Amino acid sequence: MNFDYSEEQIFLKDQVRTFLETECTSSVTRSVLEDKHTPYDEALWRSVSEMGWMGVAVPESYGGLGLDHVYLCAIAEELGRVIAPIPFSSTVYILAEALMLTGTEDQKRRILPRLVSGEIVGCLATSEGRGYTSINSLSVRAEGGFVTGEKIPVVDGGIATHAIVSVRSEKGPSLYLVDLSADGVKREELDSIDPTRNLAKVIFNRVPGEALGEEGKGEELLAGVQNRAAVLFSFEQIGGSERCLDIAKDYAMNRYAFGQIVSKYQAIKHKFADMYVKKEIARSNAYYGAWALSTNADVLPEAAASARIAGCLSYEFSAQENLQIHGGMGFTWETDCHLHLRRARQLGLVLGGLPIWRERLVRALEERGVVQKGENNGLSR
């Protein structure tokens, strides 16, 4: 079991970083943030598709490169580092992974090659308002192959071409694949703490859909898709955490206060140490998740939950501490501190909040007999 990138994966990661440092500077992210009519950076999206990043883990028979998922993790880390303003995660971590996990051969052949080429943008529509929407309490229905109801909020829902929609069908909770260009789809843009990622309400009025996986097995299927996505999101969060630490260090090494470089003060050193430790804990958990994902190991549910929890805690903490280390400057529009804090909050909610994933981790450990049900192991639900 190797808990690190291979030489080839490090080479790919370096190439991705070199490209993004030139083509995805903070000015690119800010241009999307400040323009309500620009939901994502189309030039960057085209470049990413032309370089084959979206098909890294997609089998060659569907137009991809057929590489190990760890290569995709390396790309995700670099995209998180630059706060990439493109719908990569919704399309690759969620739609592509869902199709490869549960799709029929016909669905894979119709969707995946167009997804790899950048023609298709995906989204996951499961939420139905404030709080957590249990798949057992869905109001969106699928009857006779038609989907009716409302999903809010949906990340990238305003720009996606295809959606995975959690519904209640005649056979129970299910996942449906819906072409959002069909008649009966209405979308309304929503305000978001991170405007570099599109957010929308999507309304379905008898829209044709097709079952994704076995009907009535929606809960298990959705959990499988979310576990795979959680591992990939955790690498974006590590990339963001590392960038926050770098930005804070560069500032503190050049900022003077009371005749001293700020980085010499013990309080600042403690902040750096805490940021580093949380980032490395998140990286260890993410590597474990990457191994479980790439080998389809039985421990993927608990590995994904561990990666998700550690990734969320690290990025949120690093984004906040980066802002604090900058002092008053950190609260200004001119620094990039707020860009990372916005993205940290967005990533922390996109697959459900921490209480949901803590519950999943405890349940996974209980099912494997690692802890006893009801036992107090410090794993608070």
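**Contacts, pockets and backbone**

Ser-241 sits in helix H7. Helices here are DSSP runs of H or I with at least four residues, strands are runs of E with at least two, and both are numbered from the N terminus. Ser-241 counts as buried because its relative accessibility is 1%. The cut-offs are under 20% relative accessible area for buried, over 50% for exposed, and partly exposed in between, with a 1.4 Å probe and protein chains only.

A word on the source: this is a predicted model, in which local features need pLDDT of at least 70 and side-chain atom pairs count only at pLDDT 80 or more, while totals for chains, interfaces and linings use all residues. Residues are numbered from 1 along each chain as its sequence is written, and side-chain values use heavy atoms, with hydrogens and water left out.

Now the pockets. Rolling a probe the size of a water molecule over the atoms shows where empty space is left. The search runs on a 1 Å grid over the protein atoms alone: a cavity is a set of points where a 1.4 Å probe fits but cannot get out, a pocket is an open set with protein on both sides within 12 Å along at least five of seven lines, and lining residues have an atom within 4 Å of a point. Grid points are joined across faces, edges and corners, and a volume is the space filled by probe spheres set on the points.

The largest pocket has a volume of about 700 Å³. It is lined by 29 residues, and those closest to its centre are Ser-127, Pro-153, Leu-349, Val-350 and Gly-352. At least two lining residues come from each of helix H5 (88-102), strand S3 (146-155), helix H7 (218-252), helix H10 (337-349) and helix H11 (354-367). By class, the lining of the largest pocket has 14 nonpolar, 12 polar and 3 charged residues. In this scheme Ala, Val, Leu, Ile, Met, Phe, Trp, Tyr, Cys and Pro are nonpolar, Asp, Glu, Lys and Arg are charged, and the others, Gly among them, are polar. Domain 2 (123-215) and domain 3 (219-371) each give at least three residues to this lining; the domain bounds come from an automatic or database domain assignment.

The second largest pocket has a volume of about 530 Å³. Its lining holds 21 residues, with Glu-219, Ala-223, Asn-227, Arg-360 and Arg-363 closest to the centre. Two or more of the lining residues come from each of H7, helix H9 (300-325) and H11, and H7 gives the most, with 7 residues. The classes here are 8 nonpolar, 4 polar and 9 charged. Where does the second largest pocket lie? Domain 2 and domain 3 both give residues to its lining, so it lies between them.

Last, the backbone. Most residues other than glycine have a negative phi, and most peptide bonds are trans. Pro-153, already named in the largest pocket, lies in strand S3 and is joined to Ile-152 by a cis peptide bond with omega of about -10 degrees. Asp-156 has a positive phi, near 65 degrees, and is found in the loop between S3 and strand S4 (162-169). Is Asp-156 buried or exposed? Asp-156 is buried, with a relative accessible area of 1%. Asn-296 also has a positive phi, near 50 degrees, in the loop between helix H8 (266-295) and H9. Asn-296 is exposed, at 55% relative accessible area.
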